[in-house]
Amino acid sequence: MKALRKCAGKENGGSRRGRPVGDHETKRGAFLNAGIKVIAEQGFAGASLRKVAERAGHTTGAIAHYFENKEQLFAAIVEALFDRFDAMLGAAPENETILRRFRRWLEMSDSSVWVAGFQMLARARLDPALAAIYQQHHARYRRIAVVRIEQEQRAGLIRNDIPADLLADQIGALADGWSMMLPIERERFGPEHVERLLDALILQLSPPRR
Amino acid sequence: MVRVTERKTGIGSRTAEASAASALADERRIETLRATRSVIAREGFEKASMRAIARELGTTTGVLTHHFRNKEEILDLALHATRHGKYDGRFPPDARFEDLVDALTATLPHNQGSLDSWKVFFAFLAYLFPQPDKAERYAADFERWRKAWAMAIATLADRGEIRDDIDPQLAADTLLCLFEGAGVHGTVSPESFGADRQTAVLIHYFETLRPRSGARSKSRGVG
């Protein structure tokens with residue numbers, strides 16, 4: 001959390017110096033994307049601010065203007081990944097079921113996002129600031145999912161013999177599990193296979209046919 | 001390599017004629033693996049040098065190289081040691097539904113020791129990703145577990161204890177993802193996703209595999 005506030009402060013600092021905000025955001029976004037690629041290729045341990053700056057075609061000095069250290073960059077990348085997820089959810093039609101949304105999420109990311117995502121999730125076990133970001137977002141999605149699942153249970157779309165909060169946790173844990181298995185076994189977890197897995201899950205969570 | 005791992009970590013059966021000297025050597029190796037696990041869980045994979053492991057053990061790197069070829073061997077064995085016990089995917093043909101549930105839930109991060117094991121596992125995965133050749137070797141373990149799970153699920157479906165309208169391969173895939181996901185979730189958010197919660201989530205996934213009056217077709221007649 002502290003890292004986040006620092007990031008926000010830095011952004012304000014940038015615009016105070018008269019730098020156009022749009023330019024600032026674009027450059028920051030380019031560093032975040034470069035960071036995802038470097039982490040995906042070299043792992044968390046192998047990624048450095050210098051490598052990320054080089055990858056984005058800038059100097060170490062330029063990236064230091066946006067991120068004080070590696071930890072801050074990674075916290076920002078995790079936030080950016082959650083932002084993308086939120087944007088995807090926001091763009092979904094209002095009446096789309098939770099499992100369709102889950103499918104959308106599985107389809108939206110390229111492999112470097114998966115690999116980098118897992119690197120960061122694995123890193124969170126050692127980094128309390130990063131873990132706090134995950135915990136906060138997990139709790140938020142869980143609240144949203146519980147409300148949604150309860151609605152779908154009432155509408156007869158999801159079986160109602162399992163409490164909504166347990167189903168929400170099940171989907172949350174599955175999401176983490178998938179994000180870790182997909183990059184390890186990229187060939188196995190191709191789009192068709194993921195589709196079949198989701199169909200099975202939907203069948204298992206459907207109310208019994210009458 | 002795997003065979004050695006199994007012997008040294010107590011998964012397989014120890015030969016009866018193992019001499020006292022080799023038993024002592026085994027003990028040293030097990031102690032070393034335990035120390036390695038602590039270092040990795042606490043500081044991460046990249047910090048687990050021979051020197052750090054020796055320090056944790058209160059010994060010298062010279063003693064370590066007497067028992068292990070190199071750091072790679074220690075790390076490999078430490079990883080495999082994190083995944084032993086009930087979750088090695090061997091089920092007798094007469095395993096019941098409850099045995100499957102027990103096998104998975106017992107291996108979740110329930111206490112400090114198992115939490116450390118999970119941290120080591122994640123550390124290892126994170127380290128593997130940029131090294132495709134090693135990741136491939138590890139993927140073989142997943143494949144082995146999944147096969148055993150799919151087989152057990154298929155057997156239970158034949159006996160009518162699991163619904164028969166789900167492909168056992170897909171159920172095994174999802175189970176493994178759910179299991180790993182519950183572990184990573186529990187490791188990152190131990191307060192909101194503790195042992196009881198993880199167990200409840202897994203048990204309720206198993207619940208969705210149970211035959212249901214409206215959804216079963218042929219299973220009633222089988223067994």
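**View 1. Residues around the centre of the largest pocket.** In this predicted model, 42 residues line the largest pocket. Which of them lie nearest its centre? They are Phe82(A), Phe85(A), His138(A), Tyr141(A) and Ala175(A). The volume of this pocket is about 1,100 Å³. Rolling a probe the size of a water molecule over the atoms shows where empty space is left.

**View 2. Helices that line the largest pocket.** Five helices of chain A each give at least two residues to the lining: helix 5 (70-91), helix 6 (98-108), helix 7, helix 8 and helix 9. Which helix of chain A gives the most? Helix 8 does, with twelve residues. Sorted by class, the lining holds 24 nonpolar residues, ten polar ones and eight charged ones.

**View 3. A salt bridge between two helices of chain A.** Here the side chains of Arg140(A) and Asp86(A) form a salt bridge, with N and O 3.0 Å apart. Arg140(A) belongs to helix 8 of chain A and Asp86(A) to helix 5 of chain A, so this pair ties together parts that lie 54 residues apart in sequence. Over all chains, the structure has 26 salt bridges.

**View 4. The interface of chain A and chain B.** How many residues of each chain are in contact? Chain A brings 51 residues and chain B brings 49. Between them, the two chains bury about 4,200 Å². Carbon and sulfur atoms account for 64% of that area. Arg125(A), Ile184(A) and Gln204(A) supply 16% of what chain A buries against chain B, more than any other three residues. The size of an interface is often given as the accessible area lost when the parts come together.

View 5. Five salt bridges join chain A and chain B. One of them pairs Arg188(A) with Glu143(B). The closest N and O atoms of this pair are 3.7 Å apart.

**View 6. The side of chain A that touches chain B.** Helix 2 (21-46), helix 7 (111-123), helix 8 (128-154), helix 9 (164-184) and helix 10 (191-205) of chain A each supply at least two residues to this side. Which helix of chain A gives the most? Helix 9 does, with 14 residues. By class, this side of chain A has 27 nonpolar, eleven polar and 13 charged residues.

Technical notes:
Residues are numbered from 1 along each chain as its sequence is written. Chains are lettered from A and ligands numbered from 1 in the order in which they are written. This is a predicted model: local features need pLDDT of at least 70, side-chain atom pairs count only at pLDDT 80 or more; totals for chains, interfaces and linings use all residues. Side-chain values use heavy atoms; hydrogens and water are left out. Contact means heavy atoms within 4.5 Å. Buried area is the accessible area (1.4 Å probe) that two parts lose on being put together, summed over both. A salt bridge is a side-chain nitrogen of Lys or Arg within 4 Å of a carboxyl oxygen of Asp or Glu. Helices (H or I, at least four residues) and strands (E, at least two) are DSSP runs, numbered from the N terminus. Ala, Val, Leu, Ile, Met, Phe, Trp, Tyr, Cys and Pro count as nonpolar, Asp, Glu, Lys and Arg as charged, and the others, Gly among them, as polar. On a 1 Å grid over the protein atoms alone, a cavity is a set of points where a 1.4 Å probe fits but cannot get out, and a pocket is an open set with protein on both sides within 12 Å along at least five of seven lines; lining residues have an atom within 4 Å of a point. Grid points are joined across faces, edges and corners, and a volume is the space filled by probe spheres set on the points.
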